[in-house]
Amino acid sequence: MAQGVTRRGLRWGIVGATTIAKEWMIGAIRETGGEIVSVMSSDAERGKAYAKANGIPHSTRSLATLLAKDIDAVYIATTNEKHKAQTLAAAKAGIHVLCEKPLALKLSDAHRMVAACREAGVVMGTNHHLRNAAAFRAMREAVASGKIGRPLFARVFHAVYLPPHLQGWRIRDAKAGSGVVMDITVHDADTLRFVLGEEPVAATAFTQQGGMGGAGIEDGVMGVVRFESGLLAQFHDAFTTAYANTGFEVHGSEGSLIGTNCMTQKPVGEVVLRNASGEHKLPLEPENLYVRSVANFQNAVRGKGTPSATGEDGIRSMALALAVLKSAQTGREVAVEPGL
């Protein structure tokens, strides 16, 4: 299916007629020279309307039909419980996979997905967009180059207000992996790993039902993650805070990095380095996070580098999110065990 991809942009199938694809990924695919061949939706009329509205020439209710088209890659953006079967089918068809987070609802399923893509010789990426942000790339470089000395603490402020048009399965359907932890905390997990360059080992957390989530579905969470070096990271995520700012901080023995307005899909935000010599804004080169994600995935398909976030990255971020949920359920610190 992937013949000739080194000579042209990728030909894509969109699995799921979703808001994120409409608002971000369709444009990113086209901006990187890709072509969208078909979209799959379980609702035939929705699929037809979505294809027409977004200039996609074909729609189908059948994943098999979409995979049989002349495509190189799929972008999977369905609800979380569907990712595994759809990824396995794409891998079997020899089609590259860029999958939304979380990869699955169980770690064993995520491992199956990554293994299937590896065995089929296709590229698999996880669409963790935040690591593509200029702010986090700059913070990662500053940490790695010793600009704040030994990192000791981190703090993530990712409490937002879930807009009405997204207040569907994310807050109502437990079987789909709903709730703020699998939607937002999983992004914190990946961004912390990316910026700090180390892995989490344990998590302690409390969840909240602030009135938006359905029965048994958390819409807020606070917790602490312990990393390999002993660094402690605090996080606050929510669907229910309409007036909060987002931010990401790393505090070290010789300085602090203060990122503001950066936990977002938009290429915005700033980072200040504070140390003994004062405050200095880090130079940033903003670019569309999703364009960078698609470009890196496309390069990986062509044998040049890896996706921004690999399937293994998806497993590791998911493992931390699951540890957060288990800690909230048990009232205990829970080990992060990705099984890699």
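## Reading a predicted model: core, helices and domains

Tutor: In this predicted model, the largest nonpolar core has 105 residues, and Trp 12, Val 74, Tyr 75, Phe 136, Phe 248 and Leu 257 touch the most other members. The largest share of this core, ten residues, comes from helix H8 (residues 180-196).

Student: Why is this core said to lie between domain 1 and domain 2?

Tutor: Domain 1 (11-129) and domain 2 (130-291 + 318-335) both give residues to the core, so the core lies between them.

Student: Which residues does Val 74 touch, leaving out those up to four places away in sequence?

Tutor: Val 74 touches Trp 12, Gly 13, Val 15, Leu 66, Leu 67, Ala 90, Ile 95, His 96, Val 97 and Leu 98. A contact here needs heavy atoms within 4.5 Å.

Student: Let's turn to the domains. How far apart are the centres of domain 1 and domain 2?

Tutor: Taken over C-alpha atoms, the two centres are separated by 26 Å. The contact takes 22 residues from domain 1 and 25 residues from domain 2.

Student: Why is H4 called roughly parallel to H5?

Tutor: Helix H4 (residues 83-92) and helix H5 (residues 107-120) pack at an angle of about 10 degrees, with their axes 9 Å apart. Angles under 35 degrees count as roughly parallel, so H4 is roughly parallel to H5. At this contact, His 83, Lys 84, Thr 87, Leu 88 and Ala 91 in H4 meet Asp 109, Arg 112, Met 113, Ala 116, Cys 117 and Ala 120 in H5.

Student: And what makes H5 roughly antiparallel to H10?

Tutor: The axes of H5 and helix H10 (residues 311-330) cross at roughly 180 degrees and come within 10 Å. Angles over 145 degrees count as roughly antiparallel, so that is the name for H5 against H10. On the H5 side the contact is made by Leu 107, Ala 110, His 111, Val 114 and Arg 118. The H10 side brings Gly 311, Glu 312, Ile 315, Met 318, Ala 319 and Leu 322.

Student: Now the cysteines. How do you know that Cys 99 is too far from Cys 117 for a bond?

Tutor: A disulfide needs a pair of cysteine sulfur atoms within 2.5 Å. The closest cysteine sulfur to that of Cys 99 is in Cys 117, 8.9 Å away, so this pair is too far apart for a bond. By this rule the count comes to zero disulfides.

Student: Why do Cys 99 and Cys 262 count as buried?

Tutor: Buried means under 20% relative accessible area. Cys 99 has 0%, so it counts as buried, and Cys 262, at 1%, counts as buried too.

Student: What makes Thr 126 buried, and what does it touch?

Tutor: Thr 126, found in strand E6 (residues 124-126), has a relative accessible area of 2%, so it is buried. Not counting residues up to four places away in sequence, Thr 126 touches Leu 98, Cys 99, Lys 101, Leu 103, Ala 309, Thr 310, Gly 311 and Gly 314.

Student: One more residue, please. Is Ile 258 buried or exposed?

Tutor: Ile 258 sits in strand E12 (residues 256-260). Its relative accessible area is 11%, so by the 20% limit Ile 258 is buried. With residues up to four places away in sequence left out, it touches Phe 248, Glu 249, His 251, Glu 270, Val 271, Val 272 and Arg 274. Ile 258 and Ala 135 are 123 residues apart in sequence and 10.0 Å apart in space, C-alpha to C-alpha.

Definitions and conventions:
Residues numbered from 1 in each chain as written. Predicted model: local features only at pLDDT ≥ 70, side-chain atom pairs only at ≥ 80, totals over all residues. Heavy atoms only, no water. Buried < 20%, exposed > 50% of the residue type's maximum accessible area, 1.4 Å probe, protein only. Core = buried A, V, L, I, M, F, W, Y, C linked by side-chain atoms within 4.5 Å. Helix = DSSP H or I, 4+ residues; strand = E, 2+ residues; numbered from the N terminus. Domains from an automatic or database assignment. Axes fitted to C-alpha atoms, helices over the stretch in contact; angles between N-to-C directions. Parallel < 35°, antiparallel > 145°, perpendicular 65-115°, else oblique.
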